[in-house]
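Welcome! Please have a look at the structure below before reading on.

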Amino acid sequence: MSCCCCLRRRVRPWGLHGPRRGPGLLLDIEGTTTPIAFVKDTLFPYIKDNIHDYLRTHWEEEECQEDVGLLRKQAEEDSHLDGVVPIPMESRDGEEEIERVIQAVVDNVFWQMSLDRKNTALKQLQGHIWRAAYENGRVKGDIFEDVVPAVKKWKEAGMKVYIYSSGSVEAQKLLFGNSTEGDISTLFDGHFDTQIGPKVESESYQRIAASIGCSTSNILFLTDVTREADAAEEVDMHVAIVVRPGNAGLTDDEKSYYRLITSFSELFLPSST
């Protein structure tokens, strides 16, 4: 049995039965289930427009202080990088001192966002800010129209569907729970973020497979980023590149090497026989 979901250069069987449990799909978000424009034109600007007020409002809360602590630690690890903004501890009481530290946090976040960084400290704070936006209805997660029908078919066929994104697990759940398609969070069997490892490192995909109890060769990963696809393929995971409006262009070599899809509807379920 051959699989329509396999790489063109190396075709391997990918059926409904595997050595440990049935196959699963692992989905990226940005550029795969969700337009890049939503992230760049809605979510990121919301952070920039609201981070200061958010920190001011929640500064005394434990969750906010934990977020700031993670960012402070990340800044210390980044001390060798050009442009890094350190985040000082509060050295005295008073509103001016709080404002000084808050501004350092804001400047640090802006610096990291300018570099499109994906570390857990940044993504955790962003997720908490977006939570407020989703809860008050100011933001709805944008989902490509082919995603929900396809995922429902996969689920009906007995497949497990997981999400792996650089955005925090909480941010992922908020996006799908408050989407333009309604609350679709129940369609997904699990979520992974950078706490399991960077998306461009092959070990991350091994950890995901181990976490869900499935062989890497029994998982299909859908992403728009070839470096992520390469990392997944290194550990024998099936990959397909999702080509969506606004996604980065592909080279001719990449187009000939990878299985390319423009819609989830182009993935046909393999026969169970």
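## Helix 2 and helix 3

Helix 2 and helix 3 pack with their axes 11 Å apart and at an angle of about 60 degrees. Helices here are DSSP runs of H or I with at least four residues, strands are runs of E with at least two, and both are numbered from the N terminus. Axes are lines fitted to C-alpha atoms, for helices over the stretch in contact, and angles run from 0 to 180 degrees between N-to-C directions. Helix 2 and helix 3 are therefore oblique to each other (under 35 degrees counts as roughly parallel, over 145 as roughly antiparallel, 65 to 115 as roughly perpendicular and the rest as oblique).

From helix 2, Val68, Leu71, Arg72, Gln74 and Ala75 meet Val101, Val105, Asn108, Val109 and Gln112 of helix 3; contact means heavy atoms within 4.5 Å.

## About the model

This is a predicted model, in which local features need pLDDT of at least 70 and side-chain atom pairs count only at pLDDT 80 or more, while totals for chains, interfaces and linings use all residues. Residues are numbered from 1 along each chain as its sequence is written, and side-chain values use heavy atoms, with hydrogens and water left out.

## Helix 2 and helix 4

Helix 2 (residues 62-77) also packs against helix 4 (residues 120-135), at an angle of about 150 degrees and with the axes 8 Å apart. That makes the two helices, helix 2 and helix 4, roughly antiparallel. Helix 2 brings Glu63, Asp67, Leu70, Leu71 and Gln74 to the contact, and helix 4 brings Ala121, Leu122, Gln124, Leu125, His128 and Arg131.

## A residue in the loop

Asp78 sits in the loop between helix 2 and helix 3 (95-114). Is Asp78 buried or exposed? Asp78 is buried, with a relative accessible area of 4% (buried means under 20%, exposed over 50% and partly exposed in between, with a 1.4 Å probe and protein chains only). Leaving aside residues up to four places away in sequence, Asp78 touches Val84, Trp111 and Arg117.

Six strands make an open sheet with parallel pairing, in the order 3-2-1-4-5-6; two strands pair if DSSP finds at least two bridges between them. Strand 3 (190-192) and strand 6 (260-261) are at the edges with a single partner strand each, so one side of each has no neighbour in the sheet.

Four bridges join strand 4 (residues 219-223) to strand 5 (residues 238-242) in the parallel sense. Leu220 stands opposite His238 in strand 5.
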